[in-house]
Amino acid sequence: MTFSHYSVLLQETITNLNIKADGVYVDGTLGGGGHALEVAKCLSKGGRLFGIDQDDAALQAAEERLSAYKDRVILVRSNYCNIREALAQYGVEQVDGIVLDLGVSSYQLDTEERGFSYRFDTKLDMRMDRRQTLTARTIVNQYTEQELYRIIRDYGEEQFAKNIAKHIVRFREERPIETTGELNEIIKAAIPAKMRQNGHPSKRTFQAIRIECNRELEVLRDSLDTMIEMLAPGGRLCIITFHSLEDRLVKAAFKRSENPCTCPPEFPVCICGKKPQGRAVTKKPILPTEEELRENSRSKSAKLRVFEKK
């Protein structure tokens, strides 16, 4: 299957990057290369773009898509949490801009054997990096009921998390849960029929398992300060999130970097010595236009936040 991913909030992201022709930029979630392509078009031969992704299929597709700009593009198979180490190999310590599009690609959702989607009956997988050993199958069959409840409640924000966890454990006592179809039926049985009208009953649980499998929130939380530190003065970090858990982490990190002082409010002057790193360009997130929503329904929950280094 061709690697495809609709680049959400594309023009808004490129505009907010304030691209310099000879600058150094990073697309930390390269995907099919949609955002990266537009960045590359803005660069001269003196500029550089690093594309990072842990998905081998994404890198192959992006290499082809960006082939006309290979003189200024470097692709790295890694997770963006390793951004400092990845760029250090090329002697780069500071960059002029970073893009993160945290959405799952259309390719990953629509490729049946990747096991991301509840629309297919296939083996449970959900790994973005197929080199890792932890899969969705491991999670649903080996996590305790309490652990399953926690991730479905916290990462899926699912009100029936306790019952779903209970049903999963009960089912696997008979035999292992092997497929997305089996998991779908288990989830459906755990949710009251009258409550199954608001979207697919498996949506939140599948999201939760995917986030756990790929450590998505942990990686984001632990990378935000590093990315802000790596920005050159005037450099910008553009992050597109797709659910409230991600957006909360980004918003909090930007706020903390904008006002890092930890002195009690009654202190007349700051004595902690922590200086602002820059400013949040977007006090409120940038949302998709009506036109974009008509073109791609998957963009409906997208939010873009932008931070500029001082």
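Cys272 is partly exposed, at 29% relative accessibility; this class lies between buried (under 20% relative accessible area) and exposed (over 50%), computed with a 1.4 Å probe on protein chains only. Cys263, in contrast, is buried. The model is predicted, with local features needing pLDDT of at least 70 and side-chain atom pairs pLDDT 80 or more, while totals for chains, interfaces and linings use all residues. Residues are numbered from 1 along each chain as its sequence is written, and side-chain values use heavy atoms, leaving out hydrogens and water.

The structure holds 0 disulfides, a disulfide being a pair of cysteine sulfur atoms within 2.5 Å.

| Cysteine | Nearest cysteine sulfur and distance |
|---|---|
| Cys263 | Cys261, 3.7 Å |
| Cys272 | Cys270, 3.6 Å |

The largest nonpolar core has 33 residues, of which Ile164, Ile168 and Leu183 touch the most other members. Such a core is a set of buried Ala, Val, Leu, Ile, Met, Phe, Trp, Tyr and Cys residues joined through side-chain atoms within 4.5 Å. Helices H6 (136-142), H7 (145-156), H8 (161-172), H9 (180-190) and H10 (203-214) each give it two or more residues; helices are DSSP runs (H or I, at least four residues) numbered from the N terminus. A second, separate core of 29 residues includes Ile52 and Ile74.

Beyond its neighbours within four places in sequence, Ile168 is in contact with Val140, Leu148, Ile152, Ile177, Leu183 and Ile186, where contact means heavy atoms within 4.5 Å.
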